[in-house]
Amino acid sequence: MTTDEVLAEVGPRLRRLRKEREVTLAALSESTGISVSTLSRLESGLRKPSLELLLPIAQAHQVPLDELVGAPPVGDPRVRAEPIVRHGRTFWPLSRQPGGLQAFKVLVPRRDEEPEPRVHEGYEWLYVMSGRLRVVLGEHDVVMTAGEAAEFDTRVPHWFGSTGEGPAEFLSLFGPQGERMHVRARPRKG
């Protein structure tokens, strides 16, 4: 549907809504501060609707602006991204927009591994959902459990992985630099 077609439907929608609520043009004019003649021209399609006119009308009728404009229904909000496996870890993207802050669910399998702290630009936040996650950050070496969160500047050498006791699942939020480092970096040749 084109913009002109959407705008052409606003007037009849305004009239129908006002009549359903048994409100006169005069009463609507009084509650919105918009003149009766302007309201009449809006409803008949002789005046194009603008945000300045539609906001007070939506407020007077106590309806969302979308209802006045006839906005299409919002699409399915679920993110259905394929998991990404890197360095033996599985990453599920939880955000869809490129650039900016990224969210991932990460599964670290049970395995014994030697920490290899790395640094990169950015800031990271993580939240452990299940299992035990070993986090090495600078001189700190801690084990986090379900319900614990951590945040840190990624310019500090850091690493996180399995404690060797079982898998760990966590949420991770970081900027584009972190995404390149954790998800897109190629594994080192062994």
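This is a predicted model: local features need pLDDT of at least 70, side-chain atom pairs count only at pLDDT 80 or more; totals for chains, interfaces and linings use all residues.
**Entry 1: Arginine 13**

Two residues are in contact when they have heavy atoms within 4.5 Å of each other. Arginine 13 itself sits in helix α1. Is arginine 13 buried or exposed? Its relative accessibility is 16%, and the cut-off for buried is under 20%, so arginine 13 counts as buried.

**Entry 2: The whole protein**

Next I stepped back for an overview. I counted six helices and nine strands in the secondary structure. The protein has 190 residues, and buried ones make up 32% of them. I also looked at contacts between residues at least 6 apart in sequence, and 61% of these join residues at least 24 apart.

**Entry 3: The largest core**

A friendly reminder to myself: in soluble globular proteins, nonpolar side chains tend to be buried together. Here the largest nonpolar core has 15 residues, and Val106, Leu126, Leu133, Met144, Phe160 and Phe170 have the most contacts inside it. Which elements give two or more residues to this core? I noted β3 (102-108), β4 (123-130), β5 (132-137), β7 (149-153) and β9 (168-174). Another core lies apart from this one; it has 14 residues, including Val10, Leu25, Leu54 and Ala58.

**Entry 4: Strand β3 and its partners**

Five of its seven residues are buried, so β3 is largely enclosed by the rest of the structure. Which strands pair with β3? One is β2 (residues 89-93), which runs antiparallel to β3 and is joined to it by four bridges. I picked out one of the pairs: threonine 90 has leucine 107 of β3 as its bridge partner. Strand β9 also pairs with β3 in the antiparallel sense, over seven bridges. For an example there, I wrote down alanine 103, whose bridge partner in β9 is leucine 173.

Then I checked the contacts of valine 106, again setting aside residues up to four places away in sequence. Valine 106 touches Arg89, Thr90 and Phe91, and also Ala168, Glu169, Phe170 and Ser172.

**Entry 5: A cavity**

How many cavities of 30 Å³ or more are there in the whole structure? My search of the whole structure turned up one. The space in the largest cavity comes to about 40 Å³. I listed the residues that line this cavity as Leu14, Arg18, Leu28, Leu39, Glu43, Ile57 and His61. Helices α1 (3-20), α3 (36-44) and α4 (51-61) each give two or more residues to the lining. Sorted by type, the lining has four nonpolar residues, one polar and two charged.

I followed up on histidine 61, one of the lining residues. Histidine 61 belongs to helix α4. Its relative accessible area is 4%, so histidine 61 is buried. Beyond residues up to four places away in sequence, histidine 61 touches Leu17, Arg18, Arg21 and Leu28.

For contrast, I looked up glutamate 30 in helix α2 (residues 25-32). Its relative accessibility is 72%, and exposed means over 50%, so glutamate 30 counts as exposed. Last, I checked a distance: glutamate 30 and alanine 60 are 30 residues apart in sequence, and their C-alpha atoms are 9.8 Å apart in space.

Notes
Residues are numbered from 1 along each chain as its sequence is written. Side-chain values use heavy atoms; hydrogens and water are left out. A nonpolar core is a set of buried Ala, Val, Leu, Ile, Met, Phe, Trp, Tyr and Cys residues joined through side-chain atoms within 4.5 Å. Buried means under 20% relative accessible area, exposed over 50%, partly exposed in between (1.4 Å probe, protein chains only). Two strands pair if DSSP finds at least two bridges between them. On a 1 Å grid over the protein atoms alone, a cavity is a set of points where a 1.4 Å probe fits but cannot get out, and a pocket is an open set with protein on both sides within 12 Å along at least five of seven lines; lining residues have an atom within 4 Å of a point. Grid points are joined across faces, edges and corners, and a volume is the space filled by probe spheres set on the points. Ala, Val, Leu, Ile, Met, Phe, Trp, Tyr, Cys and Pro count as nonpolar, Asp, Glu, Lys and Arg as charged, and the others, Gly among them, as polar.
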